[in-house]
Each structure stands twice: as C-alpha cells, then as structure tokens.
Amino acid sequence: MTQRLTIQQIKQALALVEDLSDPLLETLTQDSRKGVQRILQQRIRQIENQQALKVAYLERLRYESAILTDNPQAIIGGVDEVGRGPIAGPVVAACVVLPQDTSHWYQVNDSKSLSHDKRLELAQMIQKEAKAYQIVEVSESVIDEINIYQASRQAMKQAVISLSLDLDHILLDAMTLDLPTPQTSLIKGDQKSLSIAAASIIAKVYRDQKMVELAAKYPEFGFDQHMGYPTKQHLQALQTYGKTPHHRQSFGPVMKVDHWYH
C-alpha cells in the first residue's frame, strides 16, 4: 500500500505518528525503498527520545505526587537559587507552584542542562501557566554583609513568604529554611523535582537578564558572556579595569584588586 505513496507523503504521515505501536510503522518496514527506511528509522528514534523525555518527566513528579497522594489539595512550592558561584551580580531565588496540568512540561528540567533559547521558551511558559511564582534577588552588598550561603537562604525564604499562595509543603534544592512549613530538601533537587526545576529556570533567566544589563553598563567586563563567574576573561578584566560596585567585595578575587572601575 505504501509503495503508492511518495517519500514526502510518507514523511508527512510519519510526523503524525506518536506511538511505536502504530501499525503504519510495521507496514513501512515492508517498503523496500531506502529513502523510506531512512525516514522510518529517524521517526522511530524521535519517538523513542520523546518517550524517554516523558518517562524522565514523570520521575521528576515523584515527590509532588507522593505529597498529593497524602493530601490532594496540598499547595506545593518548588524553590531554587541561582548565582552562588559568581564574583559579581546578585543571587536570585524563585518559588514555583505547578499548574494542575503539566503534561506538556516534560522538557522542564535542571536549568543547567538546557540551552539558552530553550530556557527562555520554558521560562515564558512557566510564568504564564504556573499557579503562582515569585522571583527574589539579594544584592551584592547584602551578600558581602551576611555571606553567600545566608544570602541564598534569605532569597529563597523571601520567595516563599512573598508568594501569593500559602504553601503546604516546600521542595528545596539541598537547603532548609527557618519556616514552619513542612519541607523536603533534595540533593540535586533541580534534577529530581519538576517544581524545583521550574524555579531554577525562571531564576536563571531572570539573573542572566540582570547580567546582560550590567554588560551594557560595563562593556569591558563581558558580563553577558560569563554571567559574573570568575572566568579567565573576567579575572583579567577585573585586574585591568578595577572592581565595580556590582562585584562581591568579600570574595577572594575581588579583595585582591585595590582599584575601582572609572
């Protein structure tokens, strides 16, 4: 039957196939044309990749699902922070409450595993569809005053407190907060929880945009390329041009520089 179809027609038909049990796939294995076999194998690999993404997505809902099994009405917030490692720029935290239906959120994962463009796309979706979200930044001066660990905790706590919903449970990435709300702290939580992953994405996109704005103000430093992390390029610019008010003055590489940017 498929011999009567052109390869382009078969390609269009395959694009509609979402399941490996679809009878069209079995039928096409009998087609002797090499071009047909090539596009058939390509589509099978695509479907397998999509299915693997969906299996991983369901695994990232494991903690949320367990909480909802005990309390179907529970409001769960995933919290993560971005920017503990840089020597310039703020630390940023976000809290996200997932929407009822996340079936199309299967690409939401640890922000570090995603491309820049994919993070932007997913951040827009998260902020549009989440039941609630909050993003909080803590400045460089506060980081210098109370240290980066405490500043990260402060940002995360404030993201929870300033959320428009009261949480029944908090999922966090390797951290606990001094709040009475029940909490689950997960090592590599941004890889294990969809809520935390969503928070990591919107926090990362928000902070990156802040660094892009700083790059326009201080073009010599290339903040839009390294986002404030101590790369060779950044350290060289720091030595050459001096430190800015947006550098963390308590961090070793910055403390070694005794002149200010003009």
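Residues are numbered from 1 along each chain as its sequence is written. Because the model is predicted, local features require pLDDT of at least 70 and side-chain atom pairs pLDDT 80 or more, whereas totals for chains, interfaces and linings use all residues; side-chain values rest on heavy atoms, without hydrogens and water.

Helices (H or I, at least four residues) and strands (E, at least two) are DSSP runs, numbered from the N terminus.

Two strands pair if DSSP finds at least two bridges between them. Strand 1 runs parallel to strand 4 (residues 169-173), to which four bridges join it; glycine 78 has leucine 171 as its bridge partner there. With strand 2 (residues 91-97), strand 1 pairs in the antiparallel sense over five bridges, and glutamate 81 stands opposite alanine 93.

**Annotated residues**

An unreviewed UniProt entry lists residues 74-262 as "domain: RNase H type-2". UniProt positions follow the numbering used here, feature names are shortened, and annotations may be inferred rather than shown by experiment. This span is 43% helix and 16% strand, and its end C-alpha atoms lie 53 Å apart.

Under "binding site", the unreviewed entry lists Asp80, Glu81 and Asp173. These residues are spread over 94 residues of sequence, yet they cluster in space, with a largest C-alpha distance of 8.2 Å. Asp80, Glu81 and Asp173 also belong to the lining of the second largest pocket. A pocket is an open set of points on a 1 Å grid over the protein atoms alone where a 1.4 Å probe fits, with protein on both sides within 12 Å along at least five of seven lines; lining residues have an atom within 4 Å of a point.

| Residue | Strand | Relative accessible area |
|---|---|---|
| Asp80 | strand 1 | 3% |
| Asp173 | strand 4 | 17% |
| His169 | strand 4 | 14% |

Contact means heavy atoms within 4.5 Å. Leaving aside neighbours within four places in sequence, aspartate 80 touches residues including Ala93, Met156, Asp173 and Asp190. A polar atom of the aspartate 173 side chain lies 3.5 Å from the backbone nitrogen of lysine 188. Histidine 169, again apart from neighbours within four places in sequence, is in contact with residues among them Ile76, Gly77 and Thr181.

**Aromatic pairs**

The structure holds six aromatic pairs. Rings of Phe, Tyr and Trp (its six-membered ring) pair if their centres lie within 6.5 Å; planes under 30 degrees apart count as stacked, over 60 as edge-to-face and the rest as tilted. Phenylalanine 221 and phenylalanine 223 are stacked because their ring centres are 5.4 Å apart and their planes lie at 5 degrees. Both phenylalanine 221 and phenylalanine 223 are buried. Ring pairs also link Tyr218, Phe221, Phe223, Tyr241 and Tyr261 into a cluster.

Methods
Buried < 20%, exposed > 50% of the residue type's maximum accessible area, 1.4 Å probe, protein only. Polar contact = N/O pair within 3.5 Å; in protein donor to acceptor, adjacent residues only side chain to side chain.
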